[in-house]
Amino acid sequence: MTNIVRQFRSFDRPVQLLLLNQFSINVGFYMLMPYLAVHLSGELALAGWAIGLVLGVRNFSQQGMFLIGGTLADRLGYKPLIVAGCALRTAGFGLLGFVDTLPALVIASAATGFAGALFNPAVRAYVANDAGPRRVEAFALFNVFYQTGILVGPLIGLVLTGVDFSLTCAVAAVVFAVLTVLQIRSLPARKATTRTDSSVLQDWRGVFGNRRFVLFAVAMIGSYVLSFQIYLALPLEARRVAGDGVAGTVLVAALFAVSGVLAIVGQLRVTGWFRQRFGTNRSLVIGMLLLAVAFLPLALPTPSSGPLLLVPVLLAATLIAFGTMVVFPFEMDTIVALSGDRLVATHYGLYNTVVGVGILAGNLFTGTALDLARAAGIPAVPWLALTALGLFCAWSLRALNRVPAVEPVGALTRTKQ
């Protein structure tokens, strides 16, 4: 903890504010979102298709609009997009707790998703801008605050939702309202201005034409598909081995706790160690390999009963958490490097859109494969397929170093206001 505080103080005030901002964003988000489906199905008694629509609209309005958010951040400045995103999420979360018709719920859900598309690329571009040559350290610390918010948010939400879901929404809205005011009053402006003769289409053509960046984004889809299984495949497996009762609930909670605790305790040390010994490119490959092998314990035969049943799931969660810790800071730094330090937010926006589409496709495949494989008596196949995906993406990242760089169109100059 002392090391975290020391690193935090070593950065300028804007980066410190954005780290606290990200922690608060995750607290506000995760105190509400894990309980939304239960609220929609229970108190509002919506049909399954309607629940899927509300949740799907939120995901699409965020993942599908990242490129728009990143482009606006590069043209209008990072601060306005961060402020607008926090304000819009304030309205969306406030609305979610007090409406009960499907059209209103869809509008509120879309607002919360689009809010993320506005502030996420801007926050990452701002951190990269101000951290400069210390980007890797900054993003390592960013992940510590990010994971801490994921740990704290659901615990607060559990208490509030026990009283009333509307109270949870109101408190989450207040969190984002306070963030909105805080950004307006305390966050210095940072503006990245495109060339005056550059249109949005020219900027996009330049980003899409940045071959190494696009290939990197595609290769990193595997990282997100694999790490996202902490939310999909591993909870399903935990429920299978521990049951749907208290034991299953505790095991699922432990899976999420592993990621947060490991990041808080070890992220800075892990990043420093890998950076010193392997550098960015090799660290990304090794991190991807760790994500790949995380699923092998689940493919091995296990006892039919007893505490050893829990070991493969917990070991997989630990390896996923460790692999993500290795990958994330170097991944964020690589995006800036491949952008040529130009149109950084737009690059982050396109990157998030690409991996978001990959997550959707990966989850559909994984969920379907788990059901079919278990029904066919070959439960190891999906886990081996996930391992194969990770190995292929690790090979792709290694091969990417041989691809020549292509200069993106649309020069970017950064000025501090």
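Helix H8 (residues 135–163) packs against helix H17 (residues 311–339) at an angle of about 135 degrees, the two axes lying 8 Å apart. H8 is therefore oblique to H17. The model is a predicted one, in which local features need pLDDT of at least 70 and side-chain atom pairs count only at pLDDT 80 or more, while totals for chains, interfaces and linings use all residues. Residues are numbered from 1 along each chain as its sequence is written, and side-chain values use heavy atoms, with hydrogens and water left out.

Helices here are DSSP runs (H or I, at least four residues) numbered from the N terminus. Axes are lines fitted to C-alpha atoms over the stretch in contact, with angles from 0 to 180 degrees between N-to-C directions. Angles under 35 degrees count as roughly parallel, over 145 as roughly antiparallel, 65 to 115 as roughly perpendicular and the rest as oblique.

The crossing of H8 and H17 is right-handed (the near helix is turned clockwise from the far one by less than a right angle; anticlockwise is left-handed). On the H8 side, the contact (heavy atoms within 4.5 Å) includes Arg135, Phe139 and Asn143, and on the H17 side it includes Phe328, Asp333 and Ala337. By class, this contact has 10 nonpolar, 1 polar and 2 charged residues (Ala, Val, Leu, Ile, Met, Phe, Trp, Tyr, Cys and Pro count as nonpolar, Asp, Glu, Lys and Arg as charged, and the others, Gly among them, as polar).

| Pair | Axis separation | Angle |
|---|---|---|
| H5 (residues 66–76) and H7 (residues 102–131) | 8 Å apart | about 50 degrees |
| H2 (residues 13–30) and H6 (residues 78–96) | within 12 Å | roughly 20 degrees |

H5 is thus oblique to H7, and their crossing is right-handed. Phe66, Gly69, Gly70, Leu72 and Ala73 of H5 make this contact with H7 residues that include Gly116, Asn120 and Pro121. The contact divides into 7 nonpolar, 4 polar and no charged residues.

H2 and H6, by their angle, are roughly parallel to each other, and their crossing is left-handed. Leu18, Asn21, Ile25, Gly28 and Phe29 in H2 meet Ile82, Cys86, Arg89 and Phe93 in H6. This contact of H2 with H6 has 6 nonpolar, 2 polar and 1 charged residues.

The second largest pocket has a volume of about 300 Å³. A pocket is an open set of points on a 1 Å grid where a 1.4 Å probe fits, with protein on both sides within 12 Å along at least five of seven lines; lining residues have an atom within 4 Å of a point. Grid points are joined across faces, edges and corners, and the volume is the space filled by probe spheres set on them. The lining of this second largest pocket comprises 19 residues, with Val218, Ala219, Phe392, Cys393 and Ser396 nearest its centre. Helices H11 (211–219), H12 (221–227), H18 (344–375) and H19 (380–400) each give two or more residues to that lining. H19 supplies the largest share, 9 residues. The lining of the second largest pocket divides into 16 nonpolar, 3 polar and no charged residues.
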